[in-house]
Amino acid sequence: MNPKMTTTYYKVLEAVYDNQVNIGGNGFCPLSQEEIALVVSCNRMTVNTILKELRRDGYIASSKKQKYVLTELGIETVEKAKDIK
């Protein structure tokens, strides 16, 4: 696991994972940054920064309409962490 995967980073990643919807076989998280911030209990600017870093590090990608899509790395990270819980 990435050493930068602090509690807040993980919570943002998990919020994207837990709020995915599948349409036509494509999964994405339709939540806005503000909505993710409410789920994670932090501010929107923190979520914005974390999402940029998660994208840069390969955990998420953005679709054409700026929705958040988990990569295989993102999915594996959340699923491994959920197994530990």
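Of the 85 residues of the protein chain, 35% count as buried in this predicted model. The chain holds 4 helices and 4 strands, and these follow one another along the sequence in the pattern α-β-β-α-α-β-β-α. The radius of gyration is 12 Å, close to the 12 Å given by the globule rule for 85 residues, so the chain is as compact as a globular protein of that length.

**Overall dimensions and contacts**

- Along the principal axes of the protein chain, the C-alpha trace spans about 35 × 25 × 20 Å.
- Among contacts in the protein chain with a separation of 6 or more, 55% are accounted for by residues 24 or more positions apart.

- The N-terminal end of α3 is capped by Asn43, which has a side-chain oxygen 3.1 Å from the backbone nitrogen of Met45.
- Within α3, the buried residues are Val47, Asn48, Ile50, Leu51, Glu53 and Leu54, and the buried residues of this helix pack against α1, α2 (33–40), β3 (60–62) and β4.
- Just after α3, Gly58 adopts a positive phi of about 90°.

- Gly74, Thr77, Val78 and Ala81 are buried in α4; seen down the helix axis, the buried residues of α4 fall within an arc of 90°, so they line one face of the helix.
- An α-helix has 3.6 residues a turn, so residues three or four places apart point the same way.
- The buried residues of α4 pack against α1 (7–18) and β4 (68–70), whereas Glu72, Lys80 and Asp83 are exposed on the other side of α4.

**Glu14 in helix α1**

- Glu14 has its place in helix α1, and because its relative accessibility is 13%, where buried means under 20%, this residue counts as buried.
- The side chain of Glu14 is joined to that of Lys82 by a polar contact of 3.3 Å.

**Cysteines**

- The count of disulfides, taken as pairs of cysteine sulfur atoms within 2.5 Å, comes to 0.
- Cys29 is in no disulfide, and the nearest cysteine sulfur to its own, that of Cys42, is 14 Å away.
- Seen from Cys42, the closest cysteine sulfur is in Cys29, and a separation of 14 Å is too far for a bond.
- The two residues are described by separate accessibility values: Cys29 is buried, with a relative accessible area of 0%, whereas Cys42 is partly exposed, with a relative accessible area of 24%.

Technical notes: Residues numbered from 1 in each chain as written. Predicted model: local features only at pLDDT ≥ 70, side-chain atom pairs only at ≥ 80, totals over all residues. Heavy atoms only, no water. Buried < 20%, exposed > 50% of the residue type's maximum accessible area, 1.4 Å probe, protein only. Helix = DSSP H or I, 4+ residues; strand = E, 2+ residues; numbered from the N terminus. Arc of directions from axis to C-beta. Contact = heavy atoms within 4.5 Å. Polar contact = N/O pair within 3.5 Å; in protein donor to acceptor, adjacent residues only side chain to side chain. Rg over C-alpha atoms; globule rule 2.2 N^0.38 Å.
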